[in-house]
Each structure stands twice: as C-alpha cells, then as structure tokens.
Amino acid sequence: GSTRPAIAQGQSTGTVQGHIVDLRTRRPISFAMITAMITAMITAIYADVNYRPGVRWHTSVSWQFYNGQPLTLYNFGFTTLPNGDLHFFALHSAFRAERYPAYHRMDVRVNRHFDLGRGRLSTYAHVINVYNRKNLRKFDLDTRNSEGKHLPDGRGGFIYPRDDKTWLGLVPAVGISWEF
C-alpha cells in the first residue's frame, strides 16, 4: 500500500506545530521520507506543435521528457569457496536512492491527404527520435566479460562489466491509409 500523508496538529510545550502523519500508522513521517516521496514523483512534459499549410497537408513536431525513474544500484561482492571457485553476490545501495537518466525525444511527422471520389487517401512520413538519443531502458552488471572471463581490477577485486539496454534510436516510418 502507499503512504498517504495528512496534516495533523499537535501541542508541544505550549506551541502548535504541524506534523505530517501516515494515516495508517498515525506516526509522523520524517522530512527525509517526504523528500523521497516528492523526488519519486514522475515528471512528464509533452509538447506538440501542429501546422496545416493547407487542407491537404498536416505537419507536427512533438517532444517528450520524463525525469529518471527511481533506481537501486548494485555491485558485487565475492568470496572464494573451499574448492577455489568464486562465489559472487549482489551488494545493493540504498533502495531507490538513485535515478535513471532522463528520457527525452523529438518526433516529426508530415501527412498528405488526397480526396478521392471513393474516399480519402492519406500518406505520412514519420521520424521518431529525430536526434537519435540513446535513452537508457535498463542495465545489467555481470561478473564476466563477453568472452566469459573475470576481469581483475588490480586491487584484489574485479571489474563488473555493465551492459546498457536502450530504447530504439532514430526510427523512420512511412504509411498510408484509406478512409471510405
């Protein structure tokens, strides 16, 4: 369940103070928790500009931005087993204390309409992510590189390769539709 804060009034040494209270537990919520809740809110901005130079043409440019989603980073620790094998285990940072990078992209679209005796034919050219931004979708850490080998860091530990997965970059599309 989610924490639903509410404002409650309390008496303390003759002065009135405001407290934010969790309605389920009736306990005060700390400033750090309030900050974390506000920071975790998703910010989205979407802008769309349309231009119709005539009845047959329609152009549009859109831009979207999302702040980074909360993220729990991790690394690995390891121990050497009695048989000499290495055992790796995840070491997590503070829960959702970090954020993914912001996501943003710009799309452009041009439509051309043709009125036919038996309906309307529309064609379009659309480019998604025109500036080809590599927006991070997720990442994985591994204990081995792409050749399956451990990478010593020179200090008695290991380097853990990171494998970033991104959303699609620049995507061109063309299409046609017929309304009748």
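Author: Welcome! Strands here are DSSP runs of E, at least two residues long, numbered from the N terminus. W178 lies in one of them, strand β15, which covers residues 171-179. Please keep in mind that this is a predicted model.

Reader: Why is W178 called partly exposed?

Author: Its relative accessibility is 47%.

Reader: Thanks! Why is N129 called buried?

Author: Buried means under 20% relative accessible area, and N129 has 1%, so the word applies. N129 sits in the loop between β10 (119-128) and β11 (136-141). Leaving aside neighbours within four places in sequence, N129 is in contact with R105, M106, D107, N135, L168, G169 and L170.

Reader: How do you know that the side chain of N129 makes a polar contact with L168?

Author: A polar atom of that side chain lies 3.5 Å from the backbone oxygen of L168. The cut-off is within 3.5 Å, and this pair is at 3.5 Å.

Reader: Let's turn to the rings. Why is the pair of Y74 and F76 called edge-to-face?

Author: A search of the whole structure finds 11 aromatic pairs. In the pair of Y74 and F76, the ring centres are 5.8 Å apart and the planes stand at 90°. Pairing needs centres within 6.5 Å, and edge-to-face needs planes over 60 degrees apart, so Y74 and F76 form an edge-to-face pair.

Reader: Are Y74 and F76 buried or partly exposed?

Author: Y74 is partly exposed at 23%, while F76 counts as buried at 18%.

Reader: What makes F88 and F158 an edge-to-face pair?

Author: Their ring centres are 5.7 Å apart and their planes are at 70°, so the pair is edge-to-face. F88 is in strand β7 (residues 86-92) and F158 in strand β13 (residues 158-159), so the pair ties together parts 70 residues apart in sequence. F88 is buried at 16%, and F158 is buried at 16%.

Reader: Which residues form the aromatic cluster?

Author: Y74, F76, F78, F88, Y100, F139, F158 and Y160 form one cluster.

Technical notes. Residues numbered from 1 in each chain as written. Predicted model: local features only at pLDDT ≥ 70, side-chain atom pairs only at ≥ 80, totals over all residues. Heavy atoms only, no water. Helix = DSSP H or I, 4+ residues; strand = E, 2+ residues; numbered from the N terminus. Buried < 20%, exposed > 50% of the residue type's maximum accessible area, 1.4 Å probe, protein only. Polar contact = N/O pair within 3.5 Å; in protein donor to acceptor, adjacent residues only side chain to side chain. Contact = heavy atoms within 4.5 Å. Phe/Tyr/Trp six-rings, centres within 6.5 Å; stacked < 30°, edge-to-face > 60°.
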